[in-house]
Amino acid sequence: MRRALIVVHRWTSLVLGLVLVVLTTSGAVLLYEPDYFRATHDSFFRHTESAHPLTADQAIQVVQAAHPHFAAAWANADHGIWEVGDADYSTAWGVDAGSGAITGFTHLHGGTFGLLANLHECALGCEGYPGYVAVLAKPVPTLGMSWLDGLNWGGATLALLGLVLLLLAVSGLIVWWPGIRRLSHGFRIRMRRGRFARDYDLHRVIGAVAVPFLLMWGLTGAGFEIPAVQKAWLAVTGGSAPDASQYDFTAAPAKKGAALVTVAQASAAAVGKVPGSVVQVAMPTPDAGYYGITIARSYDPYAYEMFRGDGYVMVDAHNAAHLKVATGGPQPAANALYDRILEPAHFGWQVNGWWRIIWAVFGLAPLLLAFTGVSTWLVRRRTRKERAARSAGLTTASA
């Protein structure tokens with residue numbers, strides 16, 4: 001069993017290791033995407049303090065008055081400003097929440113970080129992002145399996161790599177395990193015993209220490225693309241299966257000419273169901289006649305993200321009493337653990353940039369594992385060749 005795991009671990013990492021390293025290393029860089037964006041858009045985030053800051057609807061009105069041809073679809077509170085953006089979440093105007101002045105216009109997904117986001121989050125299958133490859137956005141054949149519905153080739157690639165990361169982490173941990181009595185041997189590094197011993201020990205120690213992060217990234221990464229992975233985890237941990245219709249909401253038919261519920265009324269109705277601060281408002285559209293209200297609760301697992309909050313309430317655009325809580329309501333402990341701890345931990349946005357250094361270090365672990373793994377494999381390969389050559393020489397001499 002152990003020998004079979006070693007073979008599986010070695011060849012899986014050799015065949016798919018490079019792609020996995022590219023994915024995890026890009027993720028380590030993306031941990032600081034919001035911080036980089038704010039640092040490089042200083043004027044966009046310039047704001048003034050006020051005892052009565054603008055509300056989301058007021059910020060939208062400011063943009064509509066100044067730029068009537070811009071189709072404002074949402075407003076997002078971020079570091080003292082309101083970002084007012086389009087339906088594709090690709091561009092936004094900044095509005096100083098204190099003074100009401102427009103602070104600038106920006107593209108949200110351009111440049112190097114846009115390319116890295118497309119690579120890490122979509123495997124280059126996100127249209128509108130740099131590096132987009134159209135074929136990767138095409139759906140995969142479902143072959144009659146419902147759990148593949150809605151999955152494209154980019155998502156399938158990410159799901160596969162997430163499962164591979166899980167396999168490598170679990171198999172590596174089993175192969176590494178030295179036993180309770182010899183546990184300290186599992187963390188020793190023989191620095192003076194040659195390249196093979198050093199890199200072999202480094203590979204084992206780095207892998208063992210990084211296992212919690214690798215398991216978390218593998219599980220949530222695969223779960224983002226294939227809901228069946230999340231369902232399997234919740235079934236094992238005693239949770240309930242996610243509601244497949246949690247984001248389904250149909251606004252009630254409205255009388256012709258009926259007035260819209262105001263953003264303030266929709267926000268108040270949402271907060272009445274999910275207490276917290278409204279951090280984003282998505283405006284009603286002809287296809288979806290409701291407001292999407294995002295709420296940051298007392299513990300916000302996305303506190304350092306650009307788009308904060310994990311409570312989401314849909315409020316009928318013509319009747320604030322008609323609403324639905326999609327996220328933020330009561331749930332089993334196992335579901336809360338996954339939704340509010342494990343899944344947000346994939347990005348590390350629960351904590352500030354200093355604490356996120358821990359995520360960045362472990363995000364580079366696969367790169368170090370690749371270097372040390374390939375190094376030991378090359379030494380083994382060279383040794384086998386030398387032994388074969390010596391054996392051939394001895395055979396020739398005896399003949």
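A salt bridge here is a side-chain nitrogen of Lys or Arg within 4 Å of a carboxyl oxygen of Asp or Glu. A search of the whole structure turns up 7 of them. The model is a predicted one, so local features need pLDDT of at least 70 and side-chain atom pairs count only at pLDDT 80 or more, while totals for chains, interfaces and linings use all residues. Residues are numbered from 1 along each chain as its sequence is written, and side-chain values use heavy atoms, with hydrogens and water left out.

Take Arg38 and Asp78 to begin with: their closest N and O atoms are 3.1 Å apart in a salt bridge. This pair links distant parts of the chain, with Arg38 in helix H2 (residues 33–39) and Asp78 in strand E1 (residues 74–78), 40 residues apart; helices (H or I, at least four residues) and strands (E, at least two) are DSSP runs, numbered from the N terminus. Buried means under 20% relative accessible area, exposed over 50%, and partly exposed in between (1.4 Å probe, protein chains only). Arg38 counts as buried because its relative accessibility is 14%, and Asp78 is buried too, at 1%.

Then there is the salt bridge between Arg340 and Asp310, at 2.8 Å from N to O. Arg340 sits in helix H9 (residues 333–345) and Asp310 in the loop between strand E6 (290–296) and strand E7 (311–316), so the pair ties together parts 30 residues apart in sequence. Arg340 is buried at 16%, as is Asp310 at 13%. Salt bridges with shared partners join Arg297, Asp310 and Arg340 into one network.
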